[in-house]
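Please take a moment to look it over before reading on.

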Amino acid sequence: MLLHGTDALKEAAAAGHALPGFVAYNLETVQGITAAAETAGRPVVIQAGSSPFKHAGREALIRLALDAAARSTAPLGVHLDHSRDLDEITACLEAGYTSVMVDGSHLPFTKNIALTREAVRRARDHGAWVEAELGALPGDEDVSTDAVAHTAAMTDPRQAAEFVAATGVDALAVAVGNVHGFPQHPVRLDLERLAAIHEGVTVPLVLHGASGLPVEELHGALARGVAKVNVNAELRRAYLEATRTALPSALPGSDVVLLWAAGRDAVRDAALEVIGRLSPRPAGAEA
């Protein structure tokens, strides 16, 4: 079933857990994410966005994600991730996406506000919610590159409060030491900065680049307003390792179905593990 509205996001923020946002590139990754949500019985966001469109084609991936969500027994949002194009945002909203992320993080502050405000206006006409980004997150969304975070590019708490008030966004993606992909060294989040952002804004926060994040760092973020966590590299790695393992068995008979099934099931298992890490923590657990 399609997960409409921000109730699940707000409930996660109030309860100290998070919605997982998983990036989908093709049929098998969509199936694996959907199966994980159904097995866990938890709401999940399928992120069929700008970068995967380059591979699968926009219309094809839109239909895959929306059809899977509509037919699923689990509550599934379908989300446009990292879009800088208002026409692309409009196309996804018209197709039925339940949320969009407008990424103006590369723009000067005032231009980011203007772009985001227009995306919010368009989304409201379609009943969708909007995530925006403030601060620069290093690394590649599709390839792990040993990225390193820099303090100068992190989200400014004072700007965050102004940005949310000026744009009317429903969720804010922040840069607090997180990076895209698997970093060479363990990530340490700036939890003091994150707490200051949380105190200054009125919307749930989003953490991109959570693959491989130490669990104590992750739980520290959940305790400081993060209510949606994006994971991509962990699922990509699981898919590739599973297909590599299955390839010797698949090659003699040219059994591509065996290969695809191995990748799909690995994505499901990796997504389930992430869902477990983002589940509500026992009372008294360390933040």
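## A serine in a loop, and a helix pair

Let us begin with Ser72, which sits in the loop that links α4 (58–71) to β3 (76–83). The model is a predicted one, and its mean pLDDT over the chain is 91, with 90% of the residues at 70 or more.

Is Ser72 buried or exposed? Its relative accessible area is 6%, which is under 20%, so Ser72 counts as buried. Leaving aside residues up to four places away in sequence, Ser72 touches Met1, Thr34 and Glu38. The side chain of Ser72 also comes to 3.0 Å from the backbone nitrogen of Ala74.

Now for the helix pair. Two packed helices are described by the angle between their axes and the distance between the axes. For α2 and α11, the axes lie 7 Å apart at an angle of about 40°. The two helices are therefore oblique to each other, and α2 passes α11 in a right-handed crossing. The residues that make this contact are set out below.

| Helix | Residue range | Residues in the contact |
|---|---|---|
| α2 | residues 27–40 | Glu28, Thr29, Gln31, Gly32, Ile33, Ala35, Ala36, Ala37, Thr39, Ala40 |
| α11 | residues 256–277 | Trp260, Arg264, Val267, Arg268, Ala271, Leu272, Ile275 |

One stretch calls for care. Over residues 282–287 pLDDT stays under 50, and the model has 7 contacts beyond four places in sequence for them. Where pLDDT is low, the predicted coordinates should not be read in detail.

Methods: Residues are numbered from 1 along each chain as its sequence is written. This is a predicted model: local features need pLDDT of at least 70, side-chain atom pairs count only at pLDDT 80 or more; totals for chains, interfaces and linings use all residues. Side-chain values use heavy atoms; hydrogens and water are left out. pLDDT is the predictor's confidence in each residue, from 0 to 100. Contact means heavy atoms within 4.5 Å. Helices (H or I, at least four residues) and strands (E, at least two) are DSSP runs, numbered from the N terminus. Buried means under 20% relative accessible area, exposed over 50%, partly exposed in between (1.4 Å probe, protein chains only). A polar contact is a pair of N or O atoms within 3.5 Å; within protein, one must be able to donate a hydrogen and the other to accept it, and residues adjacent in sequence count only if both atoms are side-chain atoms. Axes are lines fitted to C-alpha atoms, for helices over the stretch in contact, and angles run from 0 to 180 degrees between N-to-C directions. Angles under 35 degrees count as roughly parallel, over 145 as roughly antiparallel, 65 to 115 as roughly perpendicular and the rest as oblique. A crossing is left-handed if the near helix is turned anticlockwise from the far one by less than a right angle, and right-handed if clockwise.
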